[in-house]
Amino acid sequence: MNITIIGAGASGILAAILAAQGGARVTLYDTNARVGRKLLITGNGRCNLSNLQAHASRYACADQAAISVALQAFGVPQTRDCFRRLGIPTFATPDGWCYPLSESAAAVAEILAARLAELGVILCLQTKVADLRPRGSGWELALGGPEKWVSTDRVIVACGGAAYPALGSKGELWPVLQRLGHTVLPAQPALAPITADVRSFHNLQGVRLDAQVSLWAGGECLGDTYGNVMFTQYGFSGPAAMDLGHLVHRHLDRALTLRVDVLAGRRELLHEIVAIHPNASLFLALAALLPIKLARALPGLSGLPADILAGELGTADATGHFGQLEANVTGTRGLQEAQLSSGGVPITEIAPTTMASRLLSGLYFCGEVLDVVGPCGGYNLQWAWTSGALAGAAAANGST
């Protein structure tokens, strides 16, 4: 069985490994000079390769039930066991984030490249697949142009999305997939910093903390998350803000507000400090819990006197919303700064246990080319491993 895989990112690499282990002759194409280039920057170089909380409910897509089926077939336990057998032991932090024991994305990429070589996978790097068409019972691919077609039995599309185009993923094959009959949703920044009117927060640029972040359209909460957020000159960055980026683009026709509750998880401690030291400055009580720049600015941002005493907070904060900062959302940063793009082929057009196309025989999909978005923290790499493993194994044994 000849299997061709387009894209040597995380999903394409694991698809190649599983297909080769299944006895197939595998050829792996990529426009980059090395495999796993985008993998090198994951987890700030530590390779946050999964998350123990990677359940279907954490993913935004057209059919969460399909994600549940896929994760049951090859989820976090199977992924960690697969990596152990590949020579990459892993560990999980107390909050469930999974990393290689080496905490080195570069080491993971090197080991995976070595496994590809050991399995006899043919690497065709710095090579662009420009077109794709069914031919008889198999497929043909155009390399660099229509003048050079090569034949194969099955194709796995792992070409990625459109985020971080400098790393080679530009969505250039998406029009081909659309021409073949698949729905292809437009690419939008998904895990991207949020832009907003933050002129009133200009003194907070660079402040970073864990907070509750929520996106609102009028009185409707579109989504919320808790995690690290950073105030920037253009809006908000950090995982907690970026997790909501895909929702911004779905609702740009509405007036959106981002709410950052900087006292989430800290209010009881604040009340304790206030009760013990009511005649002290509120600033000092806040400085025990928050970055000092934020502690100094928070009373004024909430419409309270800068020199307010801690004991005066209860009567001064009539709404009970002290610590909740809001800004009008204008959009997100572009695809160049997004960790992930939404869009691509909807999961409803894919068989969830095999990643096989429901429309075209011998065609499989995995990774970011599918319209599946998870939060920061290893969820999207887990989807890459899950979909890649299922696609590779199914293509090798002919499952549809």
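Mentor: Let's begin with Glu 172, which is partly exposed at 48% relative accessibility (buried is under 20% relative accessible area, exposed is over 50%, and partly exposed is in between, with a 1.4 Å probe and protein chains only). Bear in mind that this is a predicted model, where local features need pLDDT of at least 70, side-chain atom pairs count only at pLDDT 80 or more, and totals for chains, interfaces and linings use all residues. Residues are numbered from 1 along each chain as its sequence is written, and side-chain values use heavy atoms, with hydrogens and water left out.

Trainee: With which residue does Glu 172 form a salt bridge?

Mentor: The general idea is that side chains of opposite charge can pair when their charged atoms come close. Here a salt bridge means a side-chain nitrogen of Lys or Arg within 4 Å of a carboxyl oxygen of Asp or Glu. The partner of Glu 172 is Lys 128, and their closest N and O atoms are 3.8 Å apart. This pair links distant parts of the chain, 44 residues apart: Glu 172 sits in the loop between β10 and α5, Lys 128 in the loop between β6 (122–124) and β7 (129–135). Those labels come from DSSP runs, numbered from the N terminus (helices are H or I, at least four residues; strands are E, at least two). Lys 128 is partly exposed too, at 40% relative accessibility.

Trainee: How many salt bridges are there by this rule?

Mentor: The count comes to 15. Arg 84 reaches Asp 81 with closest N and O atoms 2.6 Å apart, and Arg 85 pairs with Asp 81 at 3.0 Å. Arg 84 and Asp 81 both lie in helix α3 (residues 76–85), 3 residues apart, or about one turn of the helix. For Arg 85 and Asp 81, also in α3, the spacing is 4 residues, again about one turn.

Trainee: Is Arg 84 buried or exposed?

Mentor: Arg 84 counts as exposed because its relative accessibility is 51%. Arg 85 is exposed as well, at 53%, while Asp 81 is partly exposed, with 30% relative accessible area.

Trainee: On to packing. At what angle do helix α1 and helix α4 pack?

Mentor: Two packed helices are described by the angle between their axes and the distance between the axes. Helix α1 (residues 10–21) and helix α4 (residues 105–118) pack at about 35 degrees, with axes 10 Å apart. Axes here are lines fitted to C-alpha atoms, for helices over the stretch in contact, and angles run from 0 to 180 degrees between N-to-C directions. Where they meet, Ile 13, Ala 16 and Ile 17 in α1 face Leu 112, Arg 115 and Leu 116 in α4 (contact means heavy atoms within 4.5 Å).

Trainee: What order do the strands of the 3-stranded open sheet have?

Mentor: The order is β3-β5-β4, with antiparallel pairing (two strands pair if DSSP finds at least two bridges between them). β3 (50–51) and β4 (90–92) are the edge strands, each with a single partner, so one side of each has no neighbour in the sheet. β4 and β5 (residues 97–100) pair over 3 bridges, and Ala 92 stands opposite Cys 98 in β5. Helix α3 packs on this sheet, touching β3, β4 and β5, and its direction makes about 145 degrees with that of β4.

Trainee: Which loop holds Cys 159?

Mentor: Cys 159 is in the loop between β10 (154–157) and α5 (174–179), and it counts as buried because its relative accessibility is 18%. Leaving out residues up to four places away in sequence, Cys 159 touches Ile 6, Gly 7, Ser 169, Leu 173, Trp 174 and Val 369.

Trainee: Last one: what phi does Tyr 164 have?

Mentor: Most residues other than glycine have a negative phi, and most peptide bonds are trans. Tyr 164 is not a glycine, yet its phi is positive, about 50 degrees. Tyr 164 lies in the loop between β10 and α5 and is partly exposed, with 27% relative accessible area. Met 355 also has a positive phi, near 60 degrees; Met 355 sits in the loop between β18 (341–344) and β19 (363–365) and is buried, with a relative accessible area of 0%.
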